[in-house]
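Dear colleague,

I am passing on the structure below, together with some notes on what was found in it. Please keep it open while you read.

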Amino acid sequence: MKIIFAGTPEFAAIALAALLKTPHEIIAVYTQPDRKAGRGQKLTPSPVKQLALEHDIPVYQPLHFKASTEEGLAAQQELAALGADVMVVAAYGLILPQAVLDTPKYGCLNIHGSLLPRWRGAAPIQRAIATGDDETGITIMQMAAGLDTGDMMYKTYCPITAEDTSATLHDKLADQGASAICAVLESEKTLQKYLAERKVQDESLTVYAHKLVKSEARIDWSIDAIQIDRNIRAFNPWPVAFIQLDENNALRVWNSIISSQSKVNAQAGEIIAVDKLGVHIACGEDSFICLTSVQWPGGKAMNAQQIAQTQKLHVGQILP
């Protein structure tokens with residue numbers, strides 16, 4: 001089959017790499033315009049674009065597909081002229097109007113990082129960890145005009161462990177997503193089978209994964225340790241949980257575990273121990289957390305041993 005692939009970050013690039021190993025023809029790649037990145041703020045192509053260029057695949061980077069503008073209408077016509085059988089979309093970052101969704105012979109398929117209809121939206125991996133879900137997965141759906149509202153065609157399942165961060169879970173789901181889309185597109189006949197058997201999402205089970213904002217990564221010691229630990233893991237690698245030391249300085253917290261230490265009548269935010277495991281801190285509801293990796297402003301992330309050696313955090317200190 002002739003496939004258009006639309007995606008931008010590494011999550012999408014892993015799926016594209018898998019499709020490139022199949023007999024299908026990737027006739028075009030759509031990705032976000034190059035963005036400034038790094039200290040030099042150089043214009044940098046997305047991981048998907050870099051992979052496409054390595055395989056001499058034509059790359060398209062429209063700003064949008066809005067039919068109300070000349071450039072949007074031209075982008076729609078350009079896509080239609082490609083004559084694709086199917087379009088695969090993974091973390092593309094642009095809204096596709098119905099005209100685009102209807103253009104390929106078999107429509108557009110999306111690789112979504114949750115078990116729909118749970119966690120529709122921008123941050124399904126992070127929200128699943130922060131909420132304490134014990135399982136997530138990949139849903140391949142036929143795209144509709146709404147936000148992740150399309151009919152479900154194929155699912156994979158992935159347990160969420162007590163050690164998972166958004167980074168580790170992202171990598172697991174990226175691999176699952178690549179395998180899932182290849183399974184659905186094994187052949188044209190296979191695709192037709194999954195399309196015929198697709199299921200409508202139960203709207204009553206819908207949960208939205210709202211976009212992350214930096215401010216919610218600030219640690220609030222008044223909540224219980226289990227929730228703080230979930231948040232720390234959910235916000236790794238972005239926006240990264242932090243302790244606001246003063247107006248201009250924040251201590252970033254990369255990882256944690258639930259502490260087995262305790263102290264009677266400890267104040268929320270009070271450091272009760274610093275040992276080989278990390279920094280043990282009192283939280284709400286008489287619970288305790290151990291920070292195992294932190295990063296001071298201008299420095300590198302430190303492990304428990306390095307934290308103890310710096311002696312910047314000490315027993316009895318009350319963290320804001």
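This is a predicted model: local features need pLDDT of at least 70, side-chain atom pairs count only at pLDDT 80 or more; totals for chains, interfaces and linings use all residues.

I begin with strand β6, which spans residues 86–90 and is mostly covered, with 5 of its 5 residues buried. Val86, Val88 and Ala90 point one way from the strand, whereas Met87 and Val89 point the other way, and all are buried. Strand β1, made up of residues 2–7, pairs with β6 in the parallel sense over 5 bridges, and within this pairing Ile4 stands opposite Met87 of β6. Strand β7, residues 108–112, also pairs with β6 in the parallel sense, in this case over 3 bridges, and the bridge partner that Val89 finds in β7 is Asn110.

The helices come next. Helix α5, residues 124–131, packs with helix α6, residues 166–184, at an angle of about 125°, and their axes are 10 Å apart. An angle of that kind is neither in the roughly perpendicular range, which ends at 115 degrees, nor over the 145 degrees that would count as roughly antiparallel, and α5 and α6 are therefore oblique to each other. The crossing in which α5 passes α6 is right-handed. On the α5 side the contact is made by Ile125, Gln126 and Ile129, and on the α6 side by Ser166, Leu169, His170 and Leu173; sorted by class, the contact of α5 with α6 has 4 nonpolar and 3 polar residues, and no charged ones.

With best regards

Notes: Residues are numbered from 1 along each chain as its sequence is written. Side-chain values use heavy atoms; hydrogens and water are left out. Axes are lines fitted to C-alpha atoms, for helices over the stretch in contact, and angles run from 0 to 180 degrees between N-to-C directions. Helices (H or I, at least four residues) and strands (E, at least two) are DSSP runs, numbered from the N terminus. Angles under 35 degrees count as roughly parallel, over 145 as roughly antiparallel, 65 to 115 as roughly perpendicular and the rest as oblique. A crossing is left-handed if the near helix is turned anticlockwise from the far one by less than a right angle, and right-handed if clockwise. Contact means heavy atoms within 4.5 Å. Ala, Val, Leu, Ile, Met, Phe, Trp, Tyr, Cys and Pro count as nonpolar, Asp, Glu, Lys and Arg as charged, and the others, Gly among them, as polar. Buried means under 20% relative accessible area, exposed over 50%, partly exposed in between (1.4 Å probe, protein chains only). Two strands pair if DSSP finds at least two bridges between them.
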